[in-house]
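Open the model in a viewer and follow the selections below in order. Each stop says what to select and what is there.

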Amino acid sequence: MSEYLKKTLSGQPTTPEDWSAHLLAAHRVAPSMSPQAFSECRNEAGLTSYEWLADTLSHLPSPTKIVDLACGDGYLIPLLQKKVGNVEIIGIDMSPAELTVARCKNLGPSVAFLEAMAHKTGLEDNSIDAVVCHMAFMLMTPIEPVVAEIQRILKPGGIFSAVIGNRPDTRGPLVTVRETVGKFMHKEFPKMAAPVTGDPRVESEDGLSEIIRPLKMLGVRDDQFGVNVEPGGFWNYIKNMYLVGLLSDEVRSRLEIAILASLGKPTGMLRLDSPMRRFTAEKMPWPR
Ligand SMILES: C[S@@+](CC[C@H](N)C(=O)[O-])C[C@H]1O[C@@H](n2cnc3c(N)ncnc32)[C@H](O)[C@@H]1O
């Protein structure tokens with residue numbers, strides 16, 4: 001169990017360093033957890049959230065250099081290549097375990113991977129046409145140095161697009177499942193503190209605009225990405241989540257049973273909808 005988890009479960013405050021170490025441990029235990037959870041979920045237009053994010057690059061005038069920030073196992077990169085052609089793509093992540101999986105995919109000579117923190121990429125000033133980030137921006141704290149880094153490496157007129165979770169818009173059976181997880185955790189760990197997992201301002205549009213202020217916000221859209229699953233599909237979705245993945249096997253199996261019980265005995269498949277928010281911002285072009 002990580003220091004972060006020990007502290008959270010016993011009601012002690014955590015630091016950003018605890019959180020980073022916890023993220024590293026969780027991704028070491030379960031690399032590729034994000035595509036496993038999200039790559040089958042589609043919106044009404046039939047797009048996955050990865051394709052939805054890649055779409056924001058369609059109108060870029062011939063981009064030459066793209067960064068996939070917190071790229072995980074690189075799942076997004078072939079979708080970016082499909083969208084914008086065989087341009088130079090740099091996948092950046094702090095997790096060596098995720099990058100090992102990414103590098104094994106042999107995505108071609110125009111793709112490079114960098115083990116680095118999002119706030120300290122080491123890339124040159126004004127060198128990147130677009131930075132994309134799928135389901136990771138909401139995990140980063142402190143967030144201001146990350147936005148400053150994105151602003152620094154983007155070319156003037158370059159764009160930053162991200163997809164983040166939109167938990168307040170949770171619908172359907174996932175509401176029950178999340179409530180079950182919350183109740184289970186509080187019963188199991190009565191001293192548990194509210195987990196600090198990133199910058200909470202990311203959860204509201206106003207907060208997000210405040211964080212993104214060094215860039216010009218171009219647009220925000222919300223959508224649901226769903227898949228029909230057997231009740232067991234909810235456990236597959238929850239099992240590697242950050243508070244759950246590093247619990248003991250014994251506690252995890254009781255949580256799995258509690259989740260299944262909370263869903264009753266449905267006669268058919270259940271809809272698992274993931275609420276997500278996408279935003280796009282621009283670095284101010286040079287004045288003419
Ligand atoms: C939920 S996963 C998403 C991975 C990938 N973008 C995807 O959607 O498939 C979050 C990723 O963000 C990375 N990460 C989180 N905070 C980071 C930071 N401050 N700097 C670099 N990587 C970070 C983690 O290592 C992890 O791979």
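Predicted model: local features only at pLDDT ≥ 70, side-chain atom pairs only at ≥ 80, totals over all residues.

In H8, select Thr176, Val177, Thr180, Val181, Phe184 and Glu188; they meet Val251, Leu255, Ala258, Ile259 and Ser262 in H11. Sorted by class, this contact of H8 with H11 has 7 nonpolar, 3 polar and 1 charged residues.

The crossing in which H8 passes H11 is right-handed.

Next, select the ligand and its surroundings. The ligand is surrounded by 19 residues, the closest being Ser34, Ala70, Gly72, Ser95 and Ala118. Colour helix H2 (16–29) and helix H3 (33–38), the elements that give two or more residues to this shell. By class, the shell around the ligand has 12 nonpolar, 5 polar and 2 charged residues.

The last stop is glutamate 88. Select strand E2, residues 88–93, to find glutamate 88 in place. Is glutamate 88 buried or partly exposed? Glutamate 88 has 15 other C-beta atoms within 10 Å, so it is partly exposed; a buried residue would have 20 or more. Finally, draw a C-alpha to C-alpha distance from glutamate 88 to valine 67: the two are 8.6 Å apart in space and 21 residues apart in sequence.

Conventions:
Residues numbered from 1 in each chain as written. Left-handed = near helix turned anticlockwise from the far one by under 90°. Helix = DSSP H or I, 4+ residues; strand = E, 2+ residues; numbered from the N terminus. Contact = placed C-beta atoms within 7 Å. Nonpolar A, V, L, I, M, F, W, Y, C, P; charged D, E, K, R; others polar. Near = placed C-beta within 6 Å. Buried ≥ 20, exposed ≤ 12 C-beta atoms within 10 Å, placed from the backbone.
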